[in-house]
Amino acid sequence: MPTIRKRRENDLTFRTNTQNSTRGSKQSMSQKKRQDFHLDLWFCLTLQNWILDFGRPIVMILLPLEWFPLNKPSAGDYFHMAYNVITPFLMLRLIERSPRALPRSAVYLCIITFVMGASIHLVGDSINHRLILSGYKLHLSVRENPIMRDLKPASLIDSFELLYYYDEHLGHLMWYIPFFITLFIYFTGCFTQPTAQKIPVTGQLLLAPSALYYWYLVTEGQITELFLLTFFAMVALVIYQRHNGLSPDSNGLFLFHSFSVTVLLVTLWVVYLWNDPVLRNKYPGFVYVPEPWSFYMLHIMKEH
């Protein structure tokens with residue numbers, strides 16, 4: 001009997017050690033996955049941004065109008081719907097991969113607001129596209145557009161200005177503010193001991209398309225102030241963390257370098273169009289950053 005009891009105790013000890021070893025191995029693998037460069041998420045995020053956001057107005061131009069009647073959703077609207085689902089999902093996955101615990105309640109609130117703002121923009125942008133097909137000029141204000149001048153009653157113009165406000169102001173703010181807050185929250189968890197951290201080759205290949213998309217997002221979304229505020233907050237955080245002996249990991253470096261290149265691209269864009277009188281009249285504010293599609297309608301579309 002003592003021999004049998006001892007054998008059982010040995011078996012139980014072996015089983016417990018094996019389970020602990022397996023659990024520790026899984027935790028170690030999970031931690032390593034969080035610290036590695038998230039190529040799958042960054043690639044999917046960049047690809048779907050280019051296809052579903054940047055490609056949205058292009059697909060509406062290329063596909064025959066007969067396929068999508070004006071009283072039905074267009075191909076671009078379906079792209080926007082897909083974007084509104086896929087983007088928050090990928091951002092949540094990005095937060096889950098953070099090597100540090102992040103404020104989940106703040107992240108969830110940002111994602112909810114993001115979806116609401118993007119959905120408001122979906123409706124406004126869909127109607128705006130139909131106005132363009134009817135002769136609406138993007139480089140002119142609502143009241144200056146030729147198709148608005150003969151509207152009866154004239155109070156209808158106020159309704160279109162409200163639509164423009166929902167599309168270009170409220171929708172953009174509720175869309176982009178939580179978007180950049182979520183990215184900044186993720187960036188706060190991307191700091192580690194100052195080892196030889198660098199972006200892998202695959203990440204370096206993604207830098208250019210990622211930064212170019214953010215340039216499009218900033219200029220077309222008219223969110224220069226918000227973007228610069230986020231970027232300067234990231235710069236300040238990097239300086240502060242370096243005083244604490246920490247530096248960005250490969251994911252943090254990818255995001256920071258993407259934003260740095262975006263700042264350069266926006267600066268070159270503004271310098272290039274600095275003396276354009278028509279666009280100057282369309283964007284009279286202190287921060288002059290013309291929209292790419294306004295430039296396209298004014299200078300490229302006219303030539304064809």
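## Second largest pocket

In this predicted model, the largest share of the lining of the second largest pocket, five residues, comes from H6, where a pocket is an open set of points on a 1 Å grid over the protein atoms alone, with protein on both sides within 12 Å along at least five of seven lines, and lining residues have an atom within 4 Å of a point. Helices are DSSP runs (H or I, at least four residues) numbered from the N terminus.

The space in this pocket comes to about 510 Å³, a volume being the space filled by probe spheres set on the points, which are joined across faces, edges and corners. Its lining counts 22 residues, of which Tyr-164, Glu-168, His-169, Gln-222 and Tyr-283 are the closest to the centre, and the elements that give two or more residues are helix H6 (156-188) and helix H8 (224-243).

## Cavities

Three cavities of 30 Å³ or more are counted, a cavity being a set of points where a 1.4 Å probe fits but cannot get out. The largest cavity holds about 90 Å³, and helix H4 (residues 104-133) gives the most to its lining, with three residues.

The second largest cavity has a volume of about 70 Å³; H6 supplies the largest share of its lining, four residues, and Tyr-164 and Asp-167 are among the residues that line this cavity.

## Basis of the values

Residues are numbered from 1 along each chain as its sequence is written, and side-chain values use heavy atoms, with hydrogens and water left out. Local features need pLDDT of at least 70 and side-chain atom pairs count only at pLDDT 80 or more, whereas totals for chains, interfaces and linings use all residues.
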